[in-house]
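Hello,

Here is the structure for you to look over. My notes on it follow below.

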Amino acid sequence: MRDLRDPAELLTAAAKGDRAAWEELEARFGPRMWAVARACGLSTVDAADAVQGAWLRLLQHLTDIRDPASVGGWLVTTVRREALLMQRKDPPLVSATEPVGEPDPAAAVLEADGRRRLWQTVSTLDEPCRSILELVANEAGNQQVASRLGLPAGSVGPTKARCLEKLRTLLSLQETAQ
């Protein structure tokens, strides 16, 4: 049976380290956060980063949220801001005003090579990172990842964030070496 505490109580309990409260917050607000990130036009991977960034902001501001009962709205606003920041850093490759015609063969080759290098790098990661990133790439949610890998649901998000950071570091090192 789900926990029926109100959001303010959940936030207070989470601030005190109550894992069940964190899991309940994630279960209540996670799907809406994902929907907002995806509605902002982010890919699944970028949406995961935006959602994770919002959870991180919550962790950083647990004790100074003005209206704890409105934490759901706070999370949605924060994930939207994260998504907009990501879009500013990573503008789309094709602008809305450019006509979309036949695919550019050179771009297709470069994109395929980038995907190949990405997955080669993912394959060098230790478990559970390798499996988490493969499941996330196939659009599995945190609950699905947790059940498939036998992890606590509340640990998937932070573990995924650490795995993505390891992947970014490895990819950055590869780019620097070239």
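**Helix packing and cores**

The axes of H6 and helix H7 (residues 142–149) cross at roughly 140° and come within 10 Å. Axes here are lines fitted to C-alpha atoms, for helices over the stretch in contact, with angles from 0 to 180 degrees between N-to-C directions. That makes H6 oblique to H7 (under 35 degrees is roughly parallel, over 145 roughly antiparallel, 65 to 115 roughly perpendicular, the rest oblique).

This is a predicted model: local features need pLDDT of at least 70, side-chain atom pairs count only at pLDDT 80 or more, and totals for chains, interfaces and linings use all residues. Residues are numbered from 1 along each chain as its sequence is written, and side-chain values use heavy atoms, without hydrogens and water. Helices are DSSP runs (H or I, at least four residues), numbered from the N terminus.

From H6, Ser131, Ile132, Leu135 and Val136 meet Val145, Arg148 and Leu149 of H7 (contact: heavy atoms within 4.5 Å).

The Glu127 to Pro128 peptide bond is cis, with omega near 5°. Most peptide bonds are trans.

Now the cores (buried Ala, Val, Leu, Ile, Met, Phe, Trp, Tyr and Cys residues joined through side-chain atoms within 4.5 Å; buried is under 20% relative accessible area, 1.4 Å probe, protein chains only). The largest nonpolar core has 26 residues, and Leu25, Met33, Leu58 and Val79 have the most contacts inside it. A second, separate core has eight residues, including Ile132, Leu135, Ala146 and Val156.

Best wishes

Technical notes: Helices (H or I, at least four residues) and strands (E, at least two) are DSSP runs, numbered from the N terminus. Buried means under 20% relative accessible area, exposed over 50%, partly exposed in between (1.4 Å probe, protein chains only).
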